[in-house]
Amino acid sequence: MNANVNTQAPESVHCEPLEPGLYIVAVPIGNLGDITRRAVDVLQRAGIIACEDTRVTGKLLKAVEVSTRMQRYDDHASAETREWLIGRARGEAVALVSDAGTPLISDPGYRLVREAREAGVTVTTIPGACAAVAGMTLSGLPNDRFMFAGFLPVKDKARRDVLEELGGVQTTLVFYETGPRLERSLRAIADMWPAREIAVARELTKMHEECRTGTGDELAQHYAAHPPKGEIVLLIGPPVEAASTADPDELLREALLEASASKAAGKVAKLTGLDRQTLYARAVELKAEFKPQ
Ligand code: SAM
């Protein structure tokens, strides 16, 4: 990275232009309060903002009182538009934003960043909200390793193919999903992996934020009865075989930190396939260990 680029958190919002370059700027995924000070600073001081939809970004800019000129840049942008933006980035700061969250994450920007780097233009990033990460943190699913795999395909066969391809990966899988497709996806997951723990993280950072966990079948039933509105991150816990190699006592101790013995036993039974009653008896013993002597 070019050491001349000012990437320090501002003490206050400056008005001098920034060093030339391409600035990848994350914006909120619903809650305006999640915009960072650096993001506002860069948007204000950039020469131009490349955005997916000028109406969507226009609203955000209005809310944060920024009046920088916008240039549409979406998945259909031509090579000429990219060349033009890269040319601009040689002489001034070009900020890249998407409608929500982090640019390039299931959003436009990959080619622009790649070509800007190839052209020797300084590229820097102003990180912030990302629905996949927010969903991961909220889900309670194992997060030592996770794999983000974008949107699940719409068509049944293509969806099954992707699930089969990723089925053996020993991590939590993270997908973007939409309300109308959720139940069908959950049913496909339930058919393939009835015991895997699933989380549906919906409307993150917004008024009706929720995160619901269960098996694919339990969640499919729930969302059949309560069709989901809004935006969704769908997470699939690691394969049960992977969890079953973990120490059940350790899993129980972790679950007991936030759940009753009965709930902890249920959770670990789902993860490991071990007998729930046996796990419950052990959970009661372990819980007694937590108590002060
Ligand atoms: N670049 C964005 C990011 O960093 O999260 C993602 C853009 S992608 C086109 C939009 C998808 O992200 C939505 O369909 C949904 O799956 C997910 N998403 C975005 N905002 C969300 C939110 N507030 N709650 C849950 N999921 C969200």
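This report describes the cysteines, one loop glycine and the aromatic contacts of the structure above.

The model is predicted, so local features are given where pLDDT is at least 70 and side-chain atom pairs count only at pLDDT 80 or more, while totals for chains, interfaces and linings use all residues. Residues are numbered from 1 along each chain as its sequence is written, and side-chain values use heavy atoms, with hydrogens and water left out.

**Cysteines**

A disulfide is a covalent bond between the sulfur atoms of two cysteines. Here a disulfide is taken to be a pair of cysteine sulfur atoms within 2.5 Å, and by this rule the count comes to zero. The closest cysteine sulfur to that of Cys130 belongs to Cys211 and is 15 Å away, which is too far for a bond. Cys211 is likewise in no disulfide, the nearest cysteine sulfur being that of Cys130.

**Accessibility**

The table uses relative accessible area, where buried means under 20%, exposed means over 50%, and partly exposed lies in between (1.4 Å probe, protein chains only).

| Residue | Relative accessible area | Class |
|---|---|---|
| Cys130 | 14% | buried |
| Cys211 | 30% | partly exposed |
| Gly30 | 48% | partly exposed |
| Phe151 | 46% | partly exposed |
| Tyr176 | 10% | buried |

**Gly30 and its surroundings**

Helices (H or I, at least four residues) and strands (E, at least two) are DSSP runs, numbered from the N terminus. In these terms, Gly30 is placed in the loop between strand E1 (21-25) and helix H1 (37-45). When its neighbours within four places in sequence are left aside, Gly30 is in contact (heavy atoms within 4.5 Å) with Thr205 and Lys206. Asp217, by comparison, is 187 residues from Gly30 in sequence and 29 Å from Gly30 in space, C-alpha to C-alpha.

**Aromatic rings**

Rings of Phe, Tyr and Trp (its six-membered ring) pair if their centres lie within 6.5 Å, and planes under 30 degrees apart count as stacked, over 60 as edge-to-face and the rest as tilted. By this rule there are two aromatic pairs. One of them joins Phe151 and Tyr176 in an edge-to-face arrangement, with 5.7 Å centre to centre and 65° between the planes. Because Phe151 lies in strand E6 (residues 146-151) and Tyr176 in strand E7 (residues 172-178), this pair ties together parts that are 25 residues apart in sequence. Ring pairs also link Phe148 with Phe151 and Tyr176 into a cluster.

A charge sits over a ring if NZ of Lys or CZ of Arg is within 6 Å of the ring centre and within 35 degrees of the ring normal. Arg196 lies in this way over the face of Trp193, at 4.2 Å from the ring centre.
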